[in-house]
Amino acid sequence: MVIITLQRAKCIGCNYCVELAPAQFQMSKKDGKSVLLHSKEKKGFFTLKSSDYTIFDDSIKAKEACPVKIIGIKQT
Amino acid sequence: MQKIELMAPAGNFESLQAALDNGADSIYFGVEQLNMRARASINFTLEDLQEISDRCKAKNVRTYLTLNTIIYDHDLSIVKTLLQKSKDADITAVIAMDQAVIASARAIGMEVHISTQINITNIETARFYAMFADTMVLSRELSLRQVKKITEQIEKENICGPSGKLLEIEIFGHGALCMAVSGKCYMSLHSYNSSANRGACKQNCRKKYTVIDQETGIEMELDNEYIMSPKDLCTIDFLDQIADAGVKVLKIEGRGRAPEYVAKVIKCYRDAIDSIEAGTYNKEKVISWMLELEKVYNRGFWSGYYLGQKLGEWSNGSGSHATQKKVYLGKGMHYYPKANIGEFKIEAYDISIGDTILITGPTTGAQEMEVKEMYVNDVKGEKATKGDSCTIPLEFRIRPSDKLYKIVKNTVEA
């Protein structure tokens, strides 16, 4: 299982995550912040649990590039 | 001569109130992520706009929304929302850099001010932006002689903004300066992916560096290792020359700084501007203001580029040279309005008669005072320590969310 989290409120809308992992992230046209696709929200944290391990590499790149360090990736 | 407008930074409600209490003519602030302090401070949200506007209008203080990062396509919608909501809340103007923001603001008839990020350094650029903006800040790297030439030309040619009034020139008066030309820097972006131009500067220029020749491996000897960290700008000692240069607005940097910083700096500059107006500006006053300014966060002071002096006054430390610092003591518990007494719970260190204390809060702002009398656990006392309840006569109201600090001497780290 790959678990991706996004602490969305702190996003500054730089677009790096979308450039590096376009299958997981998209910029919201509404508030200009990143959206973690197919995720569920709990207390400001958006979480996506996926059994597709191929998303891991791109997601890690997005996590490392994020200037405000709000993306978390876990592999179980 | 028109009196200089004093513009204060408001990173949060504490600083906003401190600016209002100490005589700012206008304040600037950021909402959500699209401003130059997207990372550094806790920004206001859309819901705060009305309160910002109301609090400032009650004191006849103008309000400027900073919306001055570079803008991508995905930002366009939030830009429009921010502008419309600001206009609805009767915010005075928007400080803009990107043409998209300028165009969107003009489309809804909102007043535009040009951000430092545009780096205006000549009269033709000023004339160009006068098509859209009523006020513009000049590049921080100009000398006052160059500033004066621009303001004289504006007057001579009667260059007006969209409001029909003469274009107003603003300059930076006090606070952090950086290596880059008026903030246009890519160092943080290239080293940490964290773009200064999206408000996420990591300030890695403030660290120590050595310079090594790649070919020979020889390390250059440097007098000061903080080769990219300039001292902070301070203009209070030549503010008369700034007024003489035709500057109409003096901007104080520091949305990322503490409320007591805003209070202290605004109070000094308020006094200085009023003194110039009254013809009582003199050296003795300058000395006393400088002593006050040194008490709060600073990297040492220099006059920037305005006086055309030698370049590069580098800071000799990574942190502050402030002569004072605050120590957290506790929090506000209750205020007795009839007796004008505030009750605090002491959670750390101690407080004694004669101490200078600082009380900060979103509505209280930043109030500094000396303790002349106090009650400890309902008994008249000299000193209260951790765990005690302490009541102090106050000339202002406090709230339960307020924080109590003690101001102590700071041993300067080099």
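User: I want to learn to read chain B. What share of its contacts with a separation of 6 or more comes from residues 24 or more positions apart?

Analyst: The share is 67%. Keep in mind that this is a predicted model.

User: How many helices and strands does chain B have?

Analyst: Chain B has 10 helices and 20 strands. Its radius of gyration is 23 Å, close to the 22 Å that the globule rule gives for 414 residues, so chain B is as compact as a globular protein of that length. Along the principal axes, the C-alpha atoms fill a box of roughly 70 × 60 × 50 Å.

User: What percentage of the residues in chain B is buried?

Analyst: Of the 414 residues, 45% are buried. A residue needs 20 or more other C-beta atoms within 10 Å of its own to qualify.

User: Now a single strand. Are the residues of E2(B) buried or exposed?

Analyst: Start with the general idea. In a regular strand, side chains alternate between the two faces of the sheet. Now the case here. Ser26(B), Tyr28(B) and Gly30(B) point one way from E2(B), while Ile27(B) and Phe29(B) point the other way. Both sets are buried. Strand E2 covers residues 26–30 of chain B, and five of its five residues are buried, so the strand is largely enclosed by the rest of the structure.

User: Which strands pair with E2(B)?

Analyst: The general idea is that strands of a sheet pair through backbone hydrogen bonds, either parallel or antiparallel. In this model, E1 (residues 5–9) of chain B runs parallel to E2(B), joined by three bridges. Ala8(B) has Ile27(B) as its bridge partner there. To get from E1(B) to E2(B), the chain passes through H1(B), and this β-α-β crossover is right-handed. E2(B) also pairs in the parallel sense with E3 (residues 62–67) of chain B, over five bridges. In that pair, Ser26(B) stands opposite Arg62(B).

User: Where are the edges of the eight-stranded open sheet?

Analyst: Read the strand order. It is E15-E14-E20-E11-E12-E19-E16-E17 (chain B), and the pairing is antiparallel. E15 (365–370) and E17 (379–380) of chain B stand at the edges, each with a single partner strand, so one side of each has no neighbour in the sheet. Within the order, E12 (residues 341–346) and E19 (residues 389–393) of chain B pair in the antiparallel sense over five bridges. Lys345(B) has Ser389(B) as its bridge partner in E19(B).

User: Which domains does the assignment give for chain B?

Analyst: Domain 1 takes 5–178 + 230–302, and domain 2 takes 324–409. Their C-alpha centres lie 33 Å apart. The contact between them takes 10 residues from domain 1 of chain B and 11 residues from domain 2 of chain B.

User: Which elements give two or more residues to the domain 1 side of that contact?

Analyst: They are helix H1 (13–21) and helix H9 (259–278) of chain B. H1(B) gives the largest share, five residues. By class, this side has five nonpolar, one polar and four charged residues.

User: And the chain interface? How many residues of chain B are in contact with chain A?

Analyst: The size of an interface is often given as the accessible area lost when the parts come together. Here the reading is by residue contacts. 15 residues of chain B are in contact with 15 residues of chain A. The chain B side has five nonpolar, seven polar and three charged residues.

How values were computed. Residues are numbered from 1 along each chain as its sequence is written. Chains are lettered from A and ligands numbered from 1 in the order in which they are written. This is a predicted model: local features need pLDDT of at least 70, side-chain atom pairs count only at pLDDT 80 or more; totals for chains, interfaces and linings use all residues. Domain bounds come from an automatic or database domain assignment. Two residues are in contact if their C-beta atoms, placed from the backbone, lie within 7 Å. Helices (H or I, at least four residues) and strands (E, at least two) are DSSP runs, numbered from the N terminus. Ala, Val, Leu, Ile, Met, Phe, Trp, Tyr, Cys and Pro count as nonpolar, Asp, Glu, Lys and Arg as charged, and the others, Gly among them, as polar. A residue is buried if 20 or more other C-beta atoms lie within 10 Å of its own, exposed if 12 or fewer, and partly exposed in between; C-beta atoms are placed from the backbone. Two strands pair if DSSP finds at least two bridges between them. A crossover is right-handed if, with the strands pointing away from the viewer, the path from the first strand over the helix to the second runs clockwise. The radius of gyration is taken over C-alpha atoms; the globule rule is 2.2 Å times the number of residues to the power 0.38.
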